[in-house]
Each structure stands twice: as structure tokens, then as C-alpha cells.
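Keep the sequence and the coordinates open while reading.

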Amino acid sequence: MAVSRRVTGLVPGVGVASADLEDGRIAAVEVLTPVPDEGWRDLAAGHPVLVPGLLDLQVNGYAGVDFSSPGLDPGVVRRVVEALWAEGVTGFCPTVITGPAAQMRESVAALAAAARADEAVADALLGVHLEGPWISPVDGARGAHPVEHVRPPDAGELAELCAAGDVALLTIAPEIPGATGLATAARERGVLVSVGHSLAEPEDVHAAVAAGATLSTHLGNGIPALLKRHPNLVWEQLGNDVLTAMFIADGHHVDLATLRTMIRAKGAGRWFLVSDTTSVGGLAPGRYRTHIGGEVELDAAGRLGMIGTDYLAGAAASLRSGLANAWAARVAEAAEVTAAVSARPAAVLGERAFGRGGLDPGARADLLLGDWDEATGSLTVKETVVRGRTVWAAS
């Protein structure tokens, strides 16, 4: 049945616009008051912000649920979907990190079962992101991944993981023996390949790109604290036009001034934002035990770290927070930042995200309406819409 509704709001960097929604899609859009890039901030106090539903390609878990923990219950995946609706996220890649082979298969299979059992879950899940187990075993590059389960590339294991469920994306360290062969095998299966958790030399990055890698996982992270000045794998990935970079804008993984510089180096259209949230996302500050990092602590500033080390253990802030940080820090023009959480990840995923990520006529009516506070640089979600229907609204 057609659901007709008109939504009006401030599209950052574009202006005040209205969108007519019908049959789950945007039927028409009219810009009522065009404004230049910075002008939208002056209008934000009087209009709700209107952007496409957010798309996050790296979600390890949220709201107490860890997609990599043993015995993942398909029924709790709906809890994550609903919690992320409250954050304006309408589609995401559940991320399974390095673990025992059987446990990783179990996690992928549980996510597939959750999608089969629940139409809303199926709509929200955009394919599994395998972050490991084929990464660097070296401290710093490995991050919070358990070293005992890092292992050599195995095309047979990749085939088993793909058979267990819907795998969309693979993060791999290109310097480990067999990595380029595995990258080729992944691409033949339609799996996107990303460079990450690595100590690659420039020639290793070149080899990965030649084998089909097109992405960089949380660039600026998953590396040791100290690298040689140049050349190194960060410069190489920033300068490679084939690789689209994923960045985390929580202010902890990369400080926002550095992020702004990296985005300028990478160039418009060659980057997007992810959250890297874990099961601690959405929880109160405190100490937790998690699959990612073991004993971890979330401090009052939002930093999630492994107790007794300087290492991060993923993130606790949603993509909504990253979007707000990026707008507030002016890491790029407002419309470019919005695209980095919507249109660009949709384009990377291709058919998996067909029709998502935009406000043009014909696009899916997946929307975030919220309030922007320029003084605090914060975005509060008022309503999340999926296929033209409200799935979450502030009370």
C-alpha cells in the first residue's frame, strides 16, 4: 500500500528542501531555500536536519551484542538493528573479527539465520565484513585481534565462510604470504577486498591493488604507533587512486585535524566514514569484558581501550556521532561529509545497497531527521525512516 508523506528539512550544504515519499521511495524533491556550504549552519536552529539514512560498513556489535562472540543468537541481531535505527543507521555490514575458524563460521551463519527469520534484519544487513583472520600478527598492526587466531591465508576457509552466509567485504594484510592469491579468490566470489591491520610495504600495497583490492580499512589505524617517515603504507594508500579509504571520525582513532588533512590528501569521492563500533557501543562508561580486546574500559570521553595497554579496542560511538564530528570539524564541505555516510558507502557496495544513500527522486525513502546544535557540534536523531515508514522516533 502506498504511504504518502511530505518531509521538509535542512539538507546540509544544499538548503531547506521537501521530499514527497510514496511506496517506500522518494517521489519528488524540491529545494525551497538554497544555501551555500556554510550557510546551512545559520538555518539549523529553525529546521530539522534531513539526510539519507546512514550506512555503516564496519559494525562489530552494539548495545551489548557482539557479532564475533561464541554462540551468537540470531534473535539478538534485531536488538542491534533497532538500537542503530535510534542512531539514524538504516543499513550496515555486521563485522566478524579474527577468531577460531569454527566460531567465525558460526557467527556468519547466525547472521544469515537472523536475516532469514526477520525481514527488517534482512533489510538492514548489507553483507558481512570479515576483518581477519588473515591480518598481521605483529603488535600494533594486529590491534585488538587475538594473536592466537591470526593465521595464513586459506582460500578453502574463505569458501566455507562464504558458504555459511553473505560475505560482502574482506580486510586482509597484503604483506603476509598468500594474501594476493586470497584477494584474487575473494574478488572472484564478488567479495570486496580492503587493506588493513597491516605492516605492508608500498610494493605490497601495489600487489594488493593488482589483485583486486579497492578499499582501505580504517586508514590511520591498525598500524604501529611508530612508522618510518616515508615511504610507508599510510602515504601509499592515501596516494593510491584505486583505493577508497574508510576513516573513523570518533576523535580517538584519528584526531579530527589529522583526519581533515588525510581527507584532503585522499581527495573528494575517495573516502567515507565507518564507526567500528563494538558491543560496548551505546553503553555507559565503565569496564567491560569483550571478544574484541578482552578487558576493556570505556572512559567518559568515549575512548574504548584495552586495559593495561595503549591500544584501542574498537569504538563506542555510532556513525551518527562520526557524522556530527566531521561536520563540526569541517573536515570537508558539508555535502561531501553527508555523502561519506550515505551515498559513497552505497556506491561501494553496489547492488547490495541499490537505491540507498540519496535524496533524489527514485531513491529509497530511508531518512534521518534530527536536530543540529552548532554550539556543541552534536546531532540528535528525532526520527528514522526506512522505506517511507517511521521505524524509530524520539518520544
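In this predicted model, two helices, α8 (233-239) and α9 (256-266), each supply at least two residues of the lining of the largest pocket. Of the elements, α9 gives the most, with four residues. The lining has 34 residues in total, and those nearest the centre of the pocket are Gly 220, Asn 221, Gly 222, Ile 223 and His 253. By class, the lining of this pocket divides into 16 nonpolar, 15 polar and three charged residues. The space in the largest pocket comes to about 730 Å³.

The second largest pocket has a volume of about 320 Å³. It is lined by 19 residues, and Val 11, Val 14, Gly 358, Leu 359 and Asp 360 are the closest to its centre. Two or more lining residues come from each of β2 (15-22), β3 (25-34), β4 (49-52) and α11 (334-339). The lining of the second largest pocket is made up of 13 nonpolar, five polar and one charged residues.

Next comes the packing of the interior. In soluble globular proteins, nonpolar side chains tend to be buried together. Here the largest nonpolar core holds 100 residues. Phe 67, Phe 92, Leu 130, Phe 247, Leu 273 and Trp 327 are the members that touch the most others in that core.

What does Trp 327 touch, leaving aside residues up to four places away in sequence? Its contacts are Pro 12, Trp 40, Arg 41, Val 49, Val 51, Ala 334, Val 337, Thr 338, Trp 372 and Leu 379. Trp 327 is one of the buried residues of α10, a helix that spans residues 319-329 and is mostly covered, with nine of its eleven residues buried. After the helix comes Arg 330, which has a positive phi near 50°.

A positive phi also occurs in a hairpin, at Gly 293, where the value is near 100°. This hairpin is formed by β15 and β16, with three residues between the strands. Strand β15 (residues 286-290) runs antiparallel to β16 (residues 294-298), and five bridges join the two. Within this pairing, Arg 289 stands opposite Glu 295 of β16.

Conventions:
Residues are numbered from 1 along each chain as its sequence is written. This is a predicted model: local features need pLDDT of at least 70, side-chain atom pairs count only at pLDDT 80 or more; totals for chains, interfaces and linings use all residues. Side-chain values use heavy atoms; hydrogens and water are left out. On a 1 Å grid over the protein atoms alone, a cavity is a set of points where a 1.4 Å probe fits but cannot get out, and a pocket is an open set with protein on both sides within 12 Å along at least five of seven lines; lining residues have an atom within 4 Å of a point. Grid points are joined across faces, edges and corners, and a volume is the space filled by probe spheres set on the points. Ala, Val, Leu, Ile, Met, Phe, Trp, Tyr, Cys and Pro count as nonpolar, Asp, Glu, Lys and Arg as charged, and the others, Gly among them, as polar. A nonpolar core is a set of buried Ala, Val, Leu, Ile, Met, Phe, Trp, Tyr and Cys residues joined through side-chain atoms within 4.5 Å. Buried means under 20% relative accessible area, exposed over 50%, partly exposed in between (1.4 Å probe, protein chains only). Contact means heavy atoms within 4.5 Å. Two strands pair if DSSP finds at least two bridges between them.
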